[in-house]
Amino acid sequence: MPVWICRKISSMTMPQWSSAWSAKVAIKYLKCLIWLGACIPVSRLIYLGVTDGLGANPVEFIERSTGTWALVFLLLSLSITPLRHLTQQAWLIAVRRLLGLWMFAYACLHVTTYLWLDYQFDWADIVKDIVKHPYVLVGATALLLTLPLAATSNQRAIKALKQRWKSLHKLVYVIGVLVLLHFWWLVKKDVTEPVIYSLVFALLIALRWLPFSNNRKS
Amino acid sequence: MLLDNNRRNPSGILPSEITPQAVFEQRRTVLKAAGVAAASLLLPTQAHAAQTLDFHKTAYGKEEKLTSVEDVTSYNNYYEFGTGKEDPAREAVLFKPTPWTIRIEGAVKQAKTISIEQLMKLAPLEERIYRMRCVEGWSMVIPWVGLPLKALIDWAQPTGNAKYIEFISYNDPRHMPGARIPVLDWPYNEGLRMDEAMQPLTILAVGLYGKVLPNQNGAPVRLVVPWKYGFKGAKAISMIRFVEQMPNTSWMKASAREYGFYANVNPQVDHPRWTQSSEKRIGAGLFAGRIKTRLFNGYDEVGQLYAGMDLQKNF
């Protein structure tokens with residue numbers, strides 16, 4: 001639907017209850033779609049794990065896959081704000097939390113794989129690995145920073161923290177940068193993938209500086 | 001003339017163009033062979049199953065549990081065919097490792113060329129079961145078939161100026177998709193000190209699992225130095241140069257801070273990226289965890305080569 005129609009519908013011509021109703025339906029469907037989409041990568045990993053399809057280095061396969069999907073969900077959650085302003089669909093904000101929580105879920109799977117399948121909870125080796133290798137250190141820092149965000153991803157926290165909630169959740173930009181560094185430093189020589197993800201991240205940040213986003217309300 | 005010809009031979013086909021019956025009947029065989037060839041393109045590991053080598057077993061690594069042939073031939077670092085681990089098995093299918101010659105030059109009595117067939121006759125082929133430790137923190141146990149590098153060095157007759165030996169890999173961007181991208185300084189080159197090259201453990205491998213070396217593992221001939229990280233093992237060697245100065249290898253040029261000339265497996269010398277104190281054994285399973293990495297990958301006999309040397313500095 002062209003932007004000007006949506007704007008018109010939501011601003012004046014349509015009765016209030018109708019636009020609220022259609023947004024509610026849209027939110028419901030979009031949330032279902034996100035749930036379905038988000039379950040595919042982890043289901044695939046389980047299927048491949050059971051059928052011996054994870055290749056010669058299964059732990060590395062799971063680490064790469066869960067890490068990549070955490071990054072994808074991070075970028076998806078960052079795309080909501082520019083998308084809202086580009087399409088004038090204010091209701092899109094309602095799915096941002098879900099995307100952010102899926103990022104957290106995949107980040108947790110990623111770290112669990114590292115701690116359990118890769119290092120068998122050998123804490124001495126894990127601490128050494130984190131301290132000695134910059135890419136592991138930035139990855140671990142990024143994960144720690146997601147904890148307060150995940151913990152405050154509910155209505156009660158939003159109400160309790162008020163303005164501070166928004167400042168706290170600005171941490172997502174720091175997390176994004178750390179995660180991209182984690183990716184850059186981990187690849188040996190071929191930086192194609194980190195370059196692509198960094199460009200997408202840069203684009204999503206740049207879109208926030210465009211003039212149309214000045215009139216944002218939240 | 002033309003008319004006349006057509007009357008006697010209404011089809012207009014010259015007798016010389018008629019396919020002899022025997023050849024005509026061969027077409028099924030030809031088609032079948034083409035079918036097999038086409039199928040073998042899809043199944044590279046099975047195509048290679050045809051060529052068995054003549055070799056004798058040795059005591060090296062006979063107590064080790066072998067990494068499966070599937071894993072050894074599907075999880076490879078061979079950047080000329082792509083940077084993904086699965087790329088070489090897929091991209092090297094059309095690579096032709098025969099005919100093959102190795103050019104030998106530099107500090108030798110006389111520069112010369114040796115064919116792969118001649119090379120395989122320099123010494124009896126033997127099986128060596130070696131652990132292979134990759135700098136990325138994983139390892140395999142591979143039954144190589146090959147001959148000591150020393151056999152080739154003796155044949156090459158290096159002069160007294162030969163202090164190092166340099167291996168230059170084949171580089172053909174037309175048939176090696178990865179070589180079109182400047183991820184490394186092509187052609188790939190590696191090197192050894194002469195005493196390392198003469199060490200009995202150092203071999204030129206021409207096969208694995210009793211058969212001709214698959215393309216993705218470095219066919220037709222590659223270097224195997226089991227006490228060093230895997231990247232020292234130059235693949236598809238097309239030139240060997242005896243030199244006086246320490247060669248500047250492809251990985252040293254890529255990042256001298258991360259990859260040294262010696263690249264001896266050493267759990268005490270950490271890599272800026274990967275932990276070197278432990279390793280993952282390929283094929284051990286999802287829940288196997290890591291095993292401790294040993295100095296010189298457990299090949300203690302090479303220790304004397306580095307007596308008095310600071311291994312932290314000369315990594």
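1. The largest nonpolar core has 70 residues, and the members that touch the most others are W144(B), L204(B), A205(B), L208(B) and I237(B). Strand β4 of chain B, residues 138-148, supplies the largest share of this core, with 6 residues. The model under review is predicted.

2. Leaving aside residues up to four places away in sequence, A205(B) touches W144(B), V145(B), G146(B), L213(B), R222(B) and V224(B).

3. In soluble globular proteins, nonpolar side chains tend to be buried together.

4. Chain B contains 9 helices and 12 strands. Of its 315 residues, 40% are buried. When contacts in chain B between residues at least 6 apart in sequence are considered, 70% of them join residues at least 24 apart.

5. Chain A has an average pLDDT of 89, and 89% of its residues score at least 70. Within chain A, helix α4 (residues 96-118) has the highest confidence, at a mean of 97, whereas helix α1 (residues 3-13) has the lowest, at 45.

6. Which residues of chain A have a pLDDT below 50? Residues 1-15 form such a stretch, and in the model this stretch has 12 contacts beyond near neighbours in sequence.

Key. Residues are numbered from 1 along each chain as its sequence is written. Chains are lettered from A and ligands numbered from 1 in the order in which they are written. This is a predicted model: local features need pLDDT of at least 70, side-chain atom pairs count only at pLDDT 80 or more; totals for chains, interfaces and linings use all residues. A nonpolar core is a set of buried Ala, Val, Leu, Ile, Met, Phe, Trp, Tyr and Cys residues joined through C-beta atoms within 7 Å. A residue is buried if 20 or more other C-beta atoms lie within 10 Å of its own, exposed if 12 or fewer, and partly exposed in between; C-beta atoms are placed from the backbone. Helices (H or I, at least four residues) and strands (E, at least two) are DSSP runs, numbered from the N terminus. Two residues are in contact if their C-beta atoms, placed from the backbone, lie within 7 Å. pLDDT is the predictor's confidence in each residue, from 0 to 100.
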